[in-house]
Amino acid sequence: MFPDRSTNAGKFQHKKKSRDKRPKDKEFAGKKGEKKRKELLTSSKPLKNIDAEIRALKEKHVQINPAAIRKFTDFPLSVSTQIGLKNSGFIMPTEIQKESIGIGLQGHDVLAAAKTGSGKTLAFLIPLLECLYCQKWTNLDGLGALVISPTRELAYQTFAVLRRIGKQHDFSAGLTVGGMNLKEESKKIMYTNIVICTPGRLLQHMDETPNFNAHNLQILILDEADRILDLGFAETMNAILENLPPSRQTLLFSATQTKSVKDLARLSLNKDNLFYVSVDEFAEESTPSQLVQSYITCELEEKMTVLWSFLKKHLKQKILVFLSTCSQVRYIFKALCHMRPGISLHALYGKMKQRKRMEVFQQFCFKQHAVLFATDIAARGLDIPEVNWVVQLDCPEDANTYIHRVGRTARYKKNGESLLFLLPSEEKGMMENLQKKKIPIKKIQVNPKMLWDIKPRLQSQCAENTEMKDNAKKAFISYIRSVFLMSNKSIFDVKNLDLGNFSCSLGLEVIPRVRFLEKEEKQRLKKEADNSVKKAASKGEESDDMQSTESDESDSESEEEKHEKQAKPQPKHHISTRSGSSSDSENEASGSSDEGDSDCDKEKFSVQFGCGDDDDDDLLTFKRRIPAEPVEDVTKEVEVDNSSKTVTKSKKKTLSKISIAKRALRKNIELNTKIKFDDDGEVVKDMYKHAQTSSRETSQSDVCGINIEEAKMYMKAEDIVDKQIYHDKVNAKHKEIRFKRKEMLREKRMKNQRSVVLRTGSDEESQGYSDYGEPGNDYDENYSEDEVSNESDDNSICSSPSPPLKRKRKNTAPSRDSDNSENYDQDGLNIEDTEDLVLKLMHQS
């Protein structure tokens with residue numbers, strides 16, 4: 001019945017997985033490949049042969065002549081390094097490689113500078129491998145070489161090159177950058193020989209990873225050294241250098257190298273052992289000769305329109321667009337993606353996750369036609385193949401940043417173009433800086449007929465999507481902040497920006513609030529007010545000194561002159577134009593002048609006040625002229641006083657709700673209290689907010705803490721009272737409902753009685769009805785209970801005696817109009833009509 005599984009046993013067996021997890025190359029495929037692998041793993045050269053090979057290499061290192069080198073095989077390198085270079089396709093070395101590799105192999109410190117795309121990565125990786133090979137470095141020796149890069153993408157690129165050329169060596173290498181798993185890195189970093197990292201993650205491992213140290217470090221390499229030694233990484237690099245041994249080899253490489261003595265001293269570099277290598281120091285241009293550079297000047301609000309038009313005209317090219325901030329990159333990328341320009345768009349900025357950053361970088365590298373919006377994290381060291389255009393939408397910080405940005409194109413003797421956007425206020429200063437750095441750049445004009453205005457489309461996007469609007473606000477504020485924080489104020493000035501038009505160009509209808517600018521303006525006004533107060537105080541001191549000197553001079557006059565002044569006839573009436581009380585001696589001293597001067601003063605006053613020479617015998621005469629104080633000084637003093645007042649007002653701190661509540665608690669103020677009064681004006685206590693029992697008030701003997709038993713008793717007593725209050729409230733509510741129902745029933749009875757009176761009045765005219773109701777019906781079966789119980793009240797409607805009334809039966813049949821059954825009686829008349837008829841009958845009776 002069942003098949004024999006012993007015969008088919010081989011079909012159900014799983015193949016054993018090989019434990020060897022190393023990548024299998026084509027060279028080690030098949031049985032021959034396995035034999036070759038075993039030979040490589042088991043065979044070991046005698047130590048004497050290895051020592052002899054290393055000794056021969058060191059002797060050749062001293063004899064290296066850069067001028068005689070044409071290929072990499074001319075360098076005295078180990079066999080493993082030569083095989084790695086050959087398999088990777090590196091045959092002809094560049095100028096920087098010829099000059100720096102020999103010095104690095106000799107063990108000297110190197111400070112190298114070369115143009116972008118000149119092969120600096122290979123220039124420091126070859127000495128790194130040879131240094132560890134000559135030292136016979138193994139996994140047991142720990143960390144031997146350290147390569148520090150400013151960005152994660154550059155570290156990843158360096159690690160990829162190292163894996164290609166160092167494939168034949170036995171060294172272990174690792175990449176440690178931010179965004180990766182720290183625990184996995186900490187397990188492996190202690191056994192790695194070569195570590196390629198960023199400064200922040202390396203310092204984190206030094207602080208947190210146990211048993212990780214760099215005491216045996218042989219070589220330290222700083223890629224883009226000027227950026228790493230900049231202020232941005234100053235604290236991190238100082239902490240890292242403290243953990244490194246001073247006796248090491250140091251290599252510094254960059255396109256814009258630093259020669260600062262402070263930076264070199266921080267790295268513990270010896271001047272005797274330091275070699276500066278600069279291939280392009282005496283070149284006419286500091287950028288590649290095959291790079292075509294141009295710039296345009298446009299207003300800030302026109303940048304988006306020009307960028308969109310540029311992208312639409314270059315759909316079949318690879319473009320890299322640089323922006324100042326992450327928020328700008330995010331907003332422009334999303335906005336242009338919604339508009340669909342017809343080309344693949346990508347964004348790369350610092351706030352992205354590490355995996356996403358690597359995916360975007362790799363996708364852009366492998367595409368032929370694409371656009372990448374990026375910040376300056378993509379400006380240094382990245383080798384992106386076949387970039388046709390580098391567009392700088394925002395002005396770079398300085399000339400060095402410009403050189404690194406345009407260096408992403410025209411690499412390895414390939415052609416490339418760059419375009420720089422400048423504001424009219426930035427053109428003069430930036431051009432001067434570029435000319436000092438030997439950068440050839442030409443100005444071009446934009447054809448206005450070829451521009452596509454996208455402001456309406458951006459405004460519609462922001463109006464429809466709130467997220468897009470928030471991104472636009474962040475982009476607006478971040479750009480203004482970047483301009484505000486720039487150190488070169490001759491180029492970057494926030495006051496020259498048209499914020500209104502700029503916000504409209506981003507799709508915003510209202511200018512967002514920029515708080516740091518408001519704070520800066522307040523600080524500026526405060527400084528001006530303080531300076532004006534100081535100037536006013538200094539002017540007051542000077543005037544006091546002048547007055548004191550004048551009084552001293554008047555007192556030093558001789559007594560004879562005083563007697564002569566007293567002997568002269570003086571007018572009986574005097575007018576003093578100076579306000580305030582002044583001493584007589586001061587007035588006399590200031591008024592004592594020669595006759596000629598007095599005559600001149602009289603003439604001046606006569607001209608000012610319209611008096612002629614014949615008015616000498618007037619009643620009022622001037623004793624002396626006091627010049628009026630200038631109005632400008634007074635207004636300045638008033639402005640100073642007003643500004644001082646505003647400053648004092650601004651110094652007052654605004655109280656928060658927490659501080660107000662704390663003050664109220666300190667003063668024992670009851671917050672949120674509501675007092676109710678009755679009709680007599682007496683206070684009504686809220687039963688739920690005030691204690692109803694006196695047990696709590698009488699038993700407050702506990703000094704510290706709470707007596708739980710007393711609290712329980714108090715809560716029980718309060719609970720009983722609360723239940724009774726609630727019960728009384730419910731009863732009152734029920735009574736109110738019953739009262740309303742009774743009133744409704746009474747109103748119904750009144751309406752029914754009015755309808756009965758109406759029928760008795762119109763009995764003669766009606767046909768088919770008798771005095772006692774419809775014939776053939778039993779009256780006692782269909783009477784309503786309400787009418788029977790209140791039969792005695794029917795006589796109160798009419799004052800005159802009336803015949804016995806016909807009793808109303810219940811209306812068992814459905815009414816003609818169910819919706820209006822309450823407003824109409826059985827005869828179909830309205831209630832208001834029936835009331836009018838009843839009143840007429842009463843008047844007739």
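The points below comment on a predicted model of a protein chain.

1. Basis of the comments. Because the model is predicted, local features are considered only at pLDDT of at least 70 and side-chain atom pairs only at pLDDT 80 or more, whereas totals for chains, interfaces and linings use all residues. Residues are numbered from 1 along each chain as its sequence is written, and side-chain values use heavy atoms, with hydrogens and water left out.

2. The chain as a whole. The secondary structure comprises 30 helices and 16 strands, where helices (H or I, at least four residues) and strands (E, at least two) are DSSP runs numbered from the N terminus. Of the 845 residues, 35% count as buried, buried meaning under 20% relative accessible area, exposed over 50%, and partly exposed in between, with a 1.4 Å probe and protein chains only. The chain exposes about 56,100 Å², of which carbon and sulfur atoms supply 50%; these areas come from the Shrake-Rupley method with a 1.4 Å probe. Among contacts (heavy atoms within 4.5 Å) with a separation of 6 or more, 74% come from residues 24 or more positions apart.

3. The parallel sheet. An open sheet is built from 7 strands in the order S3-S4-S2-S5-S6-S1-S7, with parallel pairing; two strands pair if DSSP finds at least two bridges between them. Its edges are S3 (173-176) and S7 (274-278), each of which pairs on one side only. Neighbouring strands are turned by 10° against each other on average, direction ignored, with axes fitted to C-alpha atoms (for helices over the stretch in contact) and angles running from 0 to 180 degrees between N-to-C directions. Within the sheet, S2 (residues 145-148) and S5 (residues 219-223) run parallel and are joined by 4 bridges, and Ala 145 has Ile 219 as its bridge partner in S5.

4. A helix across the sheet. Helix H6 (residues 120-134) lies across S2, S4 (194-197), S5 and S6 (249-254), and runs at about 165° to S6.

5. Aromatic pairs. The structure holds 6 aromatic pairs, a pair being rings of Phe, Tyr or Trp (its six-membered ring) with centres within 6.5 Å, counted as stacked if the planes are under 30 degrees apart, edge-to-face if over 60, and tilted otherwise. One of them is the tilted pair of Tyr 479 and Phe 502, at 5.3 Å centre to centre and 55° between the planes. It links helix H19 (residues 466-484), which holds Tyr 479, to helix H20 (residues 499-505), which holds Phe 502, the two residues being 23 apart; both are buried. Phe 484 and Phe 516 also pair, and because their centres are 5.4 Å apart and their planes at 45°, this pair is tilted. Since Phe 484 lies in H19 and Phe 516 in H21 (residues 515-555), the pair ties together parts 32 residues apart in sequence. Phe 476, Tyr 479 and Phe 502 form one aromatic cluster.

6. Charges over rings. The charged end of Lys 489 sits over the ring of Phe 484, 5.3 Å from its centre; the criterion is NZ of Lys or CZ of Arg within 6 Å of the ring centre and within 35 degrees of the ring normal. Phe 484 is itself partly exposed, with a relative accessible area of 25%. The charged end of Lys 318 sits over the ring of Phe 364, 5.0 Å from its centre.

7. Positive phi values. Glu 386, a residue other than glycine, has a positive phi near 55°; this residue is in the loop between S11 (370-374) and S12 (389-392) and is exposed, at 54% relative accessible area. Ala 410 likewise has a positive phi near 55°, in the loop between H16 (399-406) and S13 (416-422), but Ala 410 counts as buried because its relative accessibility is 3%.
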